[in-house]
Amino acid sequence: MLKNKKFNFKEFFAENAVPVVFLTISAVFVYYSGTQPAIIMNDVVARFARNAFFVISLLIPVLAGMGLNFGIVVGAMAAQIGLYWALALKMEGIAAIAFAAVVCVPFAVLFGFLSGALNNKTKGQEMLTSMFVGYFAHGLYMLLFLFIIGGIIPIDVYEIILPNGVGARSSIDLTQVKGAVDSILKVDLFTFVLALAAIVAIIAVVNTVKAKKPDIAKFVVAVLLAGLGVAGNTMPAFLMFKRVVKIPVVTYGLIGLLCVFITAFFKTKMGQDMRAVGQNMEIAEVSGINVNKIRIIANIMSVVLSAWGQLLFLQNLGTLSTYTAHQNVGMFAGAALLIGGASVTKATVPQAILGTFLFHLLFNVSPLAGQNIFGSALIGEYFRVFIVYGVIALAIVLHAAKKAGGKK
Amino acid sequence: MENLKPVLEMVDIKKNYFGNQVLKGVSLKVMPGEIHALCGENGAGKSTLMNILFGMPVIHSTGGFEGEIRMDGEVIEIKTPRDAMKYGIGMVHQEFMLIPGFSVEENVKLNREPLKESILGKFLGEPMKNLNRDEIRRDTQAALDQLGMDMMPADKVAGLPVGYMQFVEIAREIDKRGVRLLVFDEPTAVLTEGEAERLLAAMKALADQGIAILFITHRLDEVMTASQHVTIIRDGAFVKYLNTKETNVTEISALMVGREVEVIERTKHHEASNEIVMEIEDLKVEMPGEMVKGVNLKIEKGEILGIGGLAGQGKIGIANGIMGLYPATGKVTFEGKEVTLNNPKAAINAQIAFVSEDRRGVGLLLDESIAFNIAVPALQNQGKFLKKFGPVSLMDQAAVTENANKYIEELDIRCTGPNQNVRRLSGGNQQKVCIAKALTSEPKIIFVSEPTRGIDIGAKRLVLDTLVKLNEEQGMTVIITSSELAELKSVCDRIAIVTEGKVIGVLPASEDDAKFGLLMSGITEGVEG
């Protein structure tokens, strides 16, 4: 295992071609957008908080061998049903989000179970299946919100129902819940960095005591973070960042918690079974692992997590586009994961985080960069769309090429 | 031994797949601590028998089986692989059941990982407990030590040499506490000689510890050196239970291949001549599962040559390589001219015809008419059956139908007429359509692969008769590739046996079954043709 420690640039590039390419494009775009880096950063921080949970929820099905689960769209629908319910009960603020987070779970579990069962019937084509599950579910969702709500279930909250009393409004103002999670605690960037430094330092100490060997890497990271935090708080060069960039601590805390959970989960028996199923279903079956059950569990987990992710997204956004908010979320999240260097069979938490970051950075700067480079904001807009579909196509082609290369 | 109870008994096992009886009452008896060899040709039913023993889904989704399985004299029911594991039956698979992305230790402990408490586990129970990595490492090391393997438990399986993977499989099986019976399914097929020896030594060591071993192999010399008893099955039927000490390689191979066959009358026999019509030199073909690794063969004009051998040894690859269906290298000379390889059109234009072993996949357009199927290659490659209208060419329907009618009569294809879709035809008649198709391009030499696979006995006879007639009446050189030696012996002049991607020997068809059997198991001594 130790035979090839030497850094091989070519190999590194081949392994990480996608993130490297996107990092380069992002850097160029940031430069040409002509926007203050601090302002870009603040926006990316907010967008990251909005979306990261959702992207990370995609990791489980990828590792369970089902590719990108575009079916997490049904999770978003479950979240919207939950949130709508909360609004119908005239709930506000964090209570509404908490209520929605609880009541969306049974829906998400049911949807996850059904789409998982369908995936088991179409092994090998999960990505296509789950995409069409999303389209199909959209139809049922429309039925629920256009006719059943108001038509069968009476709703007497004026703000969320169409004037004739049947069907939900297509755009619902979420002022009552906007920022419910985000604004519990907001700190500036460098205070956040200092807090991170403290956490890393604590982990390092715990590791050192446990292993009776100093965890040097973590200590170095802690010191670097602390240095950055102190510098940011004192040096005038960083003043702009300190003033502009505000971190929603609770949201980031939840994202952090999810990362820890995912990492811990794949160390458990169930996580190991899931990885085995992901690598080779047949062998897992022969070893006595209940493949279908594991796949359904993976699907349910990803749908439930994506439902919560959608709630974080909506409370950040502040409006609920009842009929469209869930559309394409699966596609965008998939693209973000792939940009981070994941493939449809292999993905890690850092890849999801890097990917979400890059994806939103690019999303943010591309219209202005397009304006400045090509003289047309439309071109930048075009890049946004191009990126989403282009990267999915690219990732799938790269994956296929790698597979074909492996055969030789 | 007499008063010991057998660990495993399989009594009068019968199984049919969709009306096709693949096992016709096979019995098997394995004593504790013995190495028991199970021998039979491909298709004899060994794999099906093992699938039954392991409760594989393929058995139970096709209607289960008849007969009894007993362990220690008690009747047991095995419905899933989990049941088999519960009874202490382990298997070292022919295709490795290893997950390449996992490390050695993860594979050894797959789904049997020792666990330890974790925070998640406290709330959510067993499936959420963490893996006990230290214990996994320790147990794996112990199993590897027992086998005398120098391997790192943390290494990824993907990077290991093939021989090592085999040992990982074995390590996994012996790590299972309470394993009573281990099945080795052709374990030495992929190993080098040294590795094979080490494997046999490991098997003996395991048997000495009281574990019964069921050893499935084609290599009869290994049967002789390692086993105490041999069970031979043929065509899904039990043939004989032998004491290894009281038998020899020749007897076993004769029992494996020997069978009664209808003799097909041949009026003329080809006289050995020196007129070589095709010469194959160092042909290598990359056909997955049928790799050809350097075949040299001279084909005499006007003969019927058989190419035999066990499945997976490369015999199928030869014709596919010459016809350009799989990447090939080497030199093939036909009537003094070199045939361009890797180009099906070139082969067809050189008047070489091929009837594929994959009748329904490669051979036929199932939803097209008989007439069209017969005409297609000639139409595509030789511009036959075309009417020209200026720059546009149209298919000449009348000519196509006429041609089809000719072959329907000549080859006695049973159908409602030339416009019937081939999907509805029986296997034997489909095969005749394939032959008609090959003949329409007026070949000088015809390769026929597995002509009787999946066809009932009556139809087999007709197909073989057709080939013989072609040879005798038109003097066409015919090369038949088949897994059924008996069939080759009944129609061919000479038979080449392919083992491990090479022609190991060419014998006159009249030679003893035993000699062919020896060649198939890779033994050339005493088989001078």
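A: What follows starts with helix packing, passes to single residues, and ends with the core and the contact between the chains.

The model is a predicted one, and everything below should be read with that in mind. In chain B, helix α14, spanning residues 370-382, and helix α16, spanning residues 427-440, have axes that come within 7 Å and cross at roughly 35 degrees; the crossing of α14(B) and α16(B) is right-handed. On the α14(B) side the residues that take part are B:I370, B:N373, B:I374, B:A375, B:V376, B:P377 and B:A378, and they meet B:V433, B:A436, B:K437 and B:T440 of α16(B). Sorted by class, this contact has eight nonpolar residues, two polar ones and one charged one.

The class count for the contact of α6(A) with α7(A) is two nonpolar, four polar and one charged.

Two glycines of chain A show how burial can be read residue by residue. A:G355 is found in helix α16 of chain A, residues 349-374, and A:G355 counts as buried because 29 C-beta neighbours fall inside 10 Å, where the cut-off for being buried is 20 or more. Apart from neighbours within four places in sequence, A:G355 is in contact with A:V55, A:A336, A:L337, A:L338, A:I339, A:G340 and A:A342. Its C-alpha atom is separated by 9.9 Å from that of A:L23, although A:G355 and A:L23 are 332 residues apart along the chain. A:G390, in turn, lies in helix α17 of chain A, residues 377-407, and A:G390 is exposed because it has 12 other C-beta atoms within 10 Å, where 12 or fewer is the limit. From A:G390 to A:Q371 there are 19 residues in sequence and 21 Å in space, taken C-alpha to C-alpha.

On the scale of the core, the largest nonpolar core has 268 residues, and the members that touch the most others are A:A78, A:A307, A:L311, A:L337, B:M203, B:I213 and B:I352. Helix α14 of chain A, residues 291-317, gives the most to this core, with 16 residues. For B:I352, the contacts beyond four places in sequence are B:I322, B:M323, B:F334, B:V339, B:A347, B:P443 and B:I445.

Chain B is divided into domain 1 (18-88 + 180-259), domain 2 (264-351 + 443-529) and domain 3 (366-440), and the C-alpha centres of domain 1 and domain 3 of chain B lie 46 Å apart.

Finally, the contact between the chains takes 22 residues from chain B and 16 residues from chain A. On the side of chain B that touches chain A, the elements giving two or more residues are α3 (81-86), α5 (119-124) and β8 (130-131) of chain B, and α3(B) gives the most, with three residues. By class, that side of chain B has 12 nonpolar, five polar and five charged residues.

Note on methods. Residues numbered from 1 in each chain as written. Chains lettered and ligands numbered in written order. Predicted model: local features only at pLDDT ≥ 70, side-chain atom pairs only at ≥ 80, totals over all residues. Axes fitted to C-alpha atoms, helices over the stretch in contact; angles between N-to-C directions. Helix = DSSP H or I, 4+ residues; strand = E, 2+ residues; numbered from the N terminus. Left-handed = near helix turned anticlockwise from the far one by under 90°. Contact = placed C-beta atoms within 7 Å. Nonpolar A, V, L, I, M, F, W, Y, C, P; charged D, E, K, R; others polar. Core = buried A, V, L, I, M, F, W, Y, C linked by C-beta atoms within 7 Å. Domains from an automatic or database assignment.
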